[in-house]
Amino acid sequence: MPSTDVVELILRDHRRMEELFRTLRNVEADRAAALAEFADLLIAHASAEEDEVYPALRRYKNVEGEDVDHSVHEHHEANEALLALLEVEDTASDEWDDKLEELVTAVNHHADEEERTLLNDARENVADDRRRELGQKFQEARSRYLESGCGSVENVRKLVAAAADD
């Protein structure tokens with residue numbers, strides 16, 4: 001049975017995003033389809049983290065609240081980079097390649113940092129059964145977002161606008 005440990009689930013999504021980046025960089029691939037999957041995954045993943053995982057981690061004294069805040073800020077940056085790519089019409093253009101690299105940089109930076117800080121802290125400080133419980137909640141929230149078509153350009157626009165108002 002696949003793990004429901006929240007740390008493992010988040011890492012699995014990070015690895016899937018890396019695979020999708022390889023597809024998105026491949027001019028022979030169906031870049032539009034890969035981008036649609038990536039957009040849904042990124043938004044569902046980040047939203048589920050913010051709904052279920054980050055508030056729970058914030059309550060642990062050995063988890064830095066500043067790391068949580070920083071991760072939320074990086075989600076906003078990734079959403080802005082995603083929107084910029086979604087708004088490029090021609091997947092074969094130089095502009096598309098440039099916006100893709102900005103997105104790759106934003107997401108990889110965040111995933112790397114999150115893995116070194118929050119996820120390591122969660123592994124060390126959060127009991128196994130609590131991590132499984134959080135994983136279950138993360139998966140449920142993530143599924144709800146995925147079913148709602150959360151990666152649509154309209155929805156990403158709304159998220160970026162809402163973050164700008166904060």
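Glu 115 is buried, at a relative accessible area of 19%, where buried means under 20%, exposed means over 50% and partly exposed lies in between (1.4 Å probe, protein chains only). Its partner is Arg 15: the two form a salt bridge whose closest N and O atoms are 2.9 Å apart. A salt bridge here is a side-chain nitrogen of Lys or Arg within 4 Å of a carboxyl oxygen of Asp or Glu. The pair links distant parts of the chain, since Glu 115 sits in helix α4 (residues 94-125) and Arg 15 in helix α1 (residues 6-25), 100 residues apart. Arg 15 is partly exposed, with 33% relative accessibility. The model is a predicted one, in which local features need pLDDT of at least 70 and side-chain atom pairs count only at pLDDT 80 or more, while totals for chains, interfaces and linings use all residues. Residues are numbered from 1 along each chain as its sequence is written, and side-chain values use heavy atoms, with hydrogens and water left out.

In total, the structure holds 14 salt bridges. Another of them joins Glu 101 to Arg 25, with 2.7 Å between the closest N and O atoms. Glu 101 belongs to helix α4 and Arg 25 to helix α1, so this pair ties together parts that are 76 residues apart in sequence. Glu 101 is partly exposed at 33% relative accessible area, and Arg 25 is partly exposed at 44%.

Asp 128 counts as partly exposed at 46% relative accessibility, whereas Arg 131 counts as buried at 8%. Together with Asp 5, Asp 128 and Arg 131 are linked in a network of salt bridges.

Attention now turns to the overall fold. The chain has 6 helices and 0 strands, and its elements run α-α-α-α-α-α from the N terminus on. Helices (H or I, at least four residues) and strands (E, at least two) are DSSP runs, numbered from the N terminus. Along its principal axes, the C-alpha trace spans about 50 × 40 × 30 Å. Of the 166 residues, 43% are buried. Among contacts (heavy atoms within 4.5 Å) with a separation of 6 or more, 79% come from residues 24 or more positions apart.

What lies inside? In soluble globular proteins, nonpolar side chains tend to be buried together. A nonpolar core is a set of buried Ala, Val, Leu, Ile, Met, Phe, Trp, Tyr and Cys residues joined through side-chain atoms within 4.5 Å. The largest such core has 27 residues, and those touching the most other members are Phe 21, Leu 24, Phe 38, Leu 42, Leu 82, Leu 103 and Val 107. Two or more residues come from each of α1, α2 (31-58), α3 (65-86), α4 and α6 (153-165). Helix α2 gives the most to this core, with 8 residues. Leaving aside neighbours within four places in sequence, Leu 24 is in contact with Arg 31, Ala 34, Leu 35, Phe 38, Trp 96 and Leu 100. A second, separate core of 19 residues includes Val 6, Val 7, Ala 48 and Val 126.

Phe 21 lies in helix α1 and Phe 38 in helix α2, so the pair ties together parts that are 17 residues apart in sequence. Both Phe 21 and Phe 38 are buried.
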